[in-house]
Amino acid sequence: MSELKVIDHYFYDEAAYDYHDGGYVPLEEPQTPEKPLTIPEILKPDNETATDMYYTIVAQTGEVQLMPGEKTKTWGYNAPLLGKTVVFKKGKTIHLHLVNHLPEVTTFHWHGLAIPGPIEDGGCHAPVYPGESCDVTFKIDQPAAFVWLHAHPCPSTAEQVWHGLAAGAIVQDDHESSLPLPRNYGVDDIPVILQDRRFHENNQWNYREDYDPDGVAGPTPMINGTINPYFDVTTQKVRLRFLDGANRREFRLHFSDNLEFTQIAGDLSLLPHPVKMTKLLITCAERQEIIVDFGKYKPGDVVTLYSDDVPLLRFRIHEFKPDNTMIPDTLFETPDPAVDPDLPVHHVTLDGMDETVAMNGKKFKMDRIDYKMPMGKVQLWDICNTNPAPGMIHPYHMHGTAFEVILRNGHAPYPNELGLKDTVAINPGEHVVIKVWFHVSGVFMYHCHIIEHEDGGMMAQLQVIDPANPDKKYHLMNHMTLMKAFAEERHVPMDQLWLGGMDSYKKMGEEM
């Protein structure tokens, strides 16, 4: 890798960082014994052939020893908390058997996969009820990336993710596999799922008590479901696959000694070229992959990863062999399809804060299509955060596709967002132009990924039309169907049902 300029700032507008929020919950260093970082196991396929992969994904309850004392009640996928890492291989057809062992309805949303919607995508129109299962099939046709699985039942997505329903998944392809990058999972290739929690009486989580319509946060950092973790470094170079799996919190990452690192990937692809940095801001739902070179350290040293001034993860240095491999100057050729001249720029606004959140001035309705576009066509979308400064940074996410960031307020994108993305953070008052195209059809959501904001209505829905089947109809559920299910499963009458997103609609005098 040739010599690169080192980026030593976080981008974005400092006045909009979450620590300026009136309800901001500062992180605190845990005063508990250090624990080895939990590395999620790789989920073994039920079967794999040259063309197909078969998995069973189980949403389940559990208990985990997170803090001294009583275990914390948690939810997870094929695990008591978070989940095992699923591997998808480009070109293969994936068969999933989805099982719900939870006490209430859930969905299985594959955040970052370009697969048909609304059923395969797993948004709110694909419920799996307690004790039931369903089967979905789709083909992987996208570049190598770190994607993730999380629950997405409206309007209780945030609460179920807070319970623990979030897990990583790795898309593999031949191009990424040909590059000299660390990929020995669990040794030099590590998922790092960044979250936060507040522990209440008997070490339990209490989502309703912590509820904030601008996003629930807690003071205790939780990394891969571990409190106060360390990782034993046994190789000179380590690849960290960051996922901001928090409901609200953005993380401003840096290492002790101002250690430089190299970003190699974003949400849905490698970057075109590596970017050297000392500081990295990651917002809700984003993924950022970096390579850290520990070559200047000796056994016994400790290198610490921080968010602001709070330690998140300590790297304990052990003996390792010298590693002189170089990161290639070119990592990926980002697709650059031509914009269809017949499609005008589509405008999306992210509006409001607290209970007033909306998209294009309207709150989300599950049975309403807000926009239609043809599959295979390429269009520019202008996404505007209408909050006046200082406001909030809104992380904008689209289901079912990857997009390219083209402009930020008329200027070039940040250098570490030049690959394919599915989530982009937008400053208050800022317009971000993205290039959008779909190679699968269906109904898809797009929304702010502060999860309480999407539950509260900052979400819309588009239908991607397949020209070979332009009249295809989709059965779209409404909010009341899911809310009645929650009420029945929680054994409360409808007038006593509480779901976080409901408050937002009630305050605005809108029906769900």
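Predicted model: local features only at pLDDT ≥ 70, side-chain atom pairs only at ≥ 80, totals over all residues.
**Stop one: the annotated spans.** Start by colouring residues 60–174 and 340–465, which an unreviewed UniProt entry annotates as "domain: Plastocyanin-like". Take residues 60–174 by themselves: the span is 7% helix and 42% strand, and its end C-alpha atoms lie 34 Å apart. Now switch to residues 340–465, where the end C-alpha atoms lie 15 Å apart and the make-up is 4% helix and 44% strand.

**Stop two: an open sheet.** Next, pick out strands E7, E12, E11 and E9. Listed in that order, these 4 strands form an open sheet with mixed pairing. Which strands sit at the edges? They are E7 (86–89) and E9 (109–111), each of them pairing on one side only. Look across the sheet and you'll find neighbouring strands turned by 30° against each other on average, ignoring direction.

Zoom in on E7 and its partner E12 (residues 166–172). The two run in the parallel sense, with 4 bridges between them. To see one bridge pair, show lysine 89 together with glutamine 172, its bridge partner in E12.

**Stop three: a glutamate in a loop.** Go to the loop that links strand E29 (403–408) to strand E30 (423–426), and select glutamate 417 there. Is this residue buried or exposed? Glutamate 417 counts as buried because its relative accessibility is 3%, and the cut-off for buried is under 20%.

So what does the side chain do in there? Then show the backbone of tyrosine 414, whose nitrogen is reached by the glutamate 417 side chain at 2.9 Å.

**Last stop: helix H6.** Finally, move along to residues 500–507, which make up helix H6. Which of its residues are buried? Select Gly500, Gly501, Met502, Ser504 and Tyr505. To see what they pack against, bring up helix H4 (451–455) and helix H5 (479–489). Before you leave, step just past the end of H6 to glycine 509, which takes a positive phi of about 70°.

Notes: Residues numbered from 1 in each chain as written. Heavy atoms only, no water. Buried < 20%, exposed > 50% of the residue type's maximum accessible area, 1.4 Å probe, protein only. Contact = heavy atoms within 4.5 Å. Pairing = 2+ DSSP bridges. Axes fitted to C-alpha atoms, helices over the stretch in contact; angles between N-to-C directions. UniProt positions renumbered as here; feature names shortened; annotations may be inferred. Polar contact = N/O pair within 3.5 Å; in protein donor to acceptor, adjacent residues only side chain to side chain.
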